[in-house]
Number of protein chains: 2
Amino acid sequence: MARKTGSHSEITGPRVQAAALRLIAQHGFAAVSMRQIAAEVGVQAGALYNYTNDKQTLLFDLLRTHMEHLLEALAQLPGTGDPITRLEAFCRFHIAYHIERPDQVFISYMELRNLSPENFTAIEALRSRYESHLDAILKDGQSAGQFALDEPRVTTFAVIAMLTGVNTWYREDGALSKTDLADLYWTLVRRAVAA
Amino acid sequence: MARKTGSHSEITGPRVQAAALRLIAQHGFAAVSMRQIAAEVGVQAGALYNYTNDKQTLLFDLLRTHMEHLLEALAQLPGTGDPITRLEAFCRFHIAYHIERPDQVFISYMELRNLSPENFTAIEALRSRYESHLDAILKDGQSAGQFALDEPRVTTFAVIAMLTGVNTWYREDGALSKTDLADLYWTLVRRAVAA
DNA sequence: CTTTGCAGTGAACATCTGTTCAGTTATCAA
DNA sequence: TTGATAACTGAACAGATGTTCACTGCAAAG
């Protein structure tokens with residue numbers, strides 16, 4: 001029978017993911033070698049192939065996992081109700097979730113071009129599902145006369161870009177707390193879309 | 001005497017820059033080899049070294065040139081006057097300029113991490129000068145009571161992220177004209193900052 | 001204790017990397 | 001025609017790349 005306890009794979013596997021995530025976020029997918037990732041984990045390069053088919057799949061799994069977790073967390077938000085309340089919930093959620101995962105977010109935007117065509121399509125589909133959530137809120141608010149939007153789809157892109165931009169400048173040790181941050185961005189969004 | 005006509009360097013030099021720009025934007029700095037760039041230009045790899053000291057300098061020159069041109073163009077905008085008018089001018093300028101140069105914009109955000117520390121500092125300084133322009137407008141409008149901003153610096157980041165985000169989704173053959181686009185974004189910004 | 005099989009090693013593979021440089025070509029000035 | 005020189009070639013360099021695989025060590029199952 002296969003061993004259960006004493007098996008390292010359940011420890012090493014996540015460590016490979018973590019090392020790959022950190023190194024790719026710092027240097028870029030193409031700039032990081034399998035040997036560097038292995039060294040970070042403390043094994044030889046060959047051992048990585050117990051945990052991934054190849055380097056491309058390693059990247060794809062990082063992005064897919066991130067997007068799936070993001071969608072799972074998003075699903076906790078209310079899908080119906082007052083559009084303004086839902087928009088606020090979405091904005092605060094987006095900032096809170098993304099600011100805690102700068103490496104994942106960075107990679108998810110930067111390394112799309114290093115995905116194979118099939119893998120790219122898969123990730124784009126997940127991203128599209130995420131954006132649809134905000135799109136639905138904006139359209140509902142539009143119908144209810146609470147928002148004044150000429151092009152809800154464009155507003156979706158604009159709001160997500162604005163919120164995600166937090167990651168480019170926010171530092172944990174800065175003057176602003178995460179609550180301050182969410183308040184500031186929510187004020188901007190609220191006024192931008194308000195009827 | 002040195003030759004003047006018949007000298008190819010004034011032709012090949014820009015072609016090297018253009019090829020490097022296109023390929024790096026598409027695949028990433030680390031993923032593109034000097035041989036690929038040379039092939040795109042139609043020369044051997046060694047010939048590139050007539051136009052750049054090394055690969056790092058080639059990247060740096062692309063980013064530096066982009067930022068310098070951006071700042072030159074920005075300098076054409078009025079530096080004084082009604083803050084609302086200046087903010088509108090800035091927003092329309094930013095979108096118009098960036099949307100015409102997707103490769104440069106992409107590289108300028110994506111490849112910062114592949115710059116040497118000194119080169120990184122130099123580019124960041126240029127970027128900071130650009131952001132200061134918007135920052136000044138927002139602070140002037142704040143003082144004049146035309147804008148209501150809790151943190152002008154954060155608003156600067158938010159607005160720039162939102163406007164630059166256009167590049168991630170806009171397509172030349174889409175339904176929206178560039179004027180429509182600028183109108184939509186300007187409406188969002190105006191309402192977001194309005195007192 | 002013996003057997004099983006997972007986890008990891010380390011060498012090997014073919015190929016690619018940035019960069020250098022002696023040598024070739026082509027064009028111009030004189 | 002001659003001499004100069006900018007532009008480019010093509011080979012060479014030392015080392016890095018992703019991936020494979022026969023192998024070893026070792027913990028657990030029987």
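**Domain contact, chain A.** I started with where the two domains of chain A meet: ten residues of domain 1 are in contact with 13 residues of domain 2, contact being C-beta atoms, placed from the backbone, within 7 Å. Helix 1 of chain A gives the most to the domain 1 side, with six residues. I sorted that side by residue type and got seven nonpolar, two polar and one charged. My classes: Ala, Val, Leu, Ile, Met, Phe, Trp, Tyr, Cys and Pro are nonpolar, Asp, Glu, Lys and Arg are charged, and the others, Gly among them, are polar. The bounds are 7–52 for domain 1 and 54–193 for domain 2; they come from an automatic or database domain assignment. Over C-alpha atoms, the centres of the two domains of chain A are 28 Å apart.

**Ground rules.** This is a predicted model, so I kept in mind that local features need pLDDT of at least 70 and side-chain atom pairs count only at pLDDT 80 or more, while totals for chains, interfaces and linings use all residues. Residues are numbered from 1 along each chain as its sequence is written, and chains are lettered from A and ligands numbered from 1 in the order in which they are written.

**Chain A overall.** I found nine helices and zero strands in chain A; both are DSSP runs numbered from the N terminus, with helices being H or I of at least four residues and strands E of at least two. The C-alpha atoms of chain A fill a box of roughly 60 × 40 × 35 Å along the principal axes. Of its 195 residues, 30% count as buried. For that I used 20 or more other C-beta atoms within 10 Å of the residue's own as buried, 12 or fewer as exposed, and partly exposed in between, with C-beta atoms placed from the backbone. Among contacts in chain A with a separation of 6 or more, 69% join residues 24 or more positions apart.

**Helix 3.** Next I checked helix 3 of chain A, residues 55–74. Its 20 residues reach 29 Å from first C-alpha to last, close to the 28 Å expected at 1.5 Å a residue; the expected span is 1.5 Å times one less than the number of residues. Its buried residues include L59(A), L62(A), L63(A), M67(A) and L70(A).

**R101(A).** I found R101(A) in the loop between helix 4 (83–99) and helix 5 (102–110) of chain A. R101(A) counts as partly exposed because it has 16 C-beta neighbours inside 10 Å.

**Chain A against chain B.** The same surface serves both copies, as 100% of the contact residues of chain A recur in chain B.

The contact takes 26 residues from each of chain A and chain B. On the chain A side, helix 1 (9–27), helix 7 (152–164), helix 8 (166–169) and helix 9 (178–193) each supply at least two residues. I count 14 nonpolar, eight polar and four charged residues on that side.

**Core.** Which residues touch the most other members of the largest nonpolar core? A158(A), Y185(A), A158(B) and Y185(B) do, in a core of 48 residues. Such a core is a set of buried Ala, Val, Leu, Ile, Met, Phe, Trp, Tyr and Cys residues joined through C-beta atoms within 7 Å. Leaving out residues up to four places away in sequence, A158(B) touches M162(A), G165(A), Y185(A) and L188(A).
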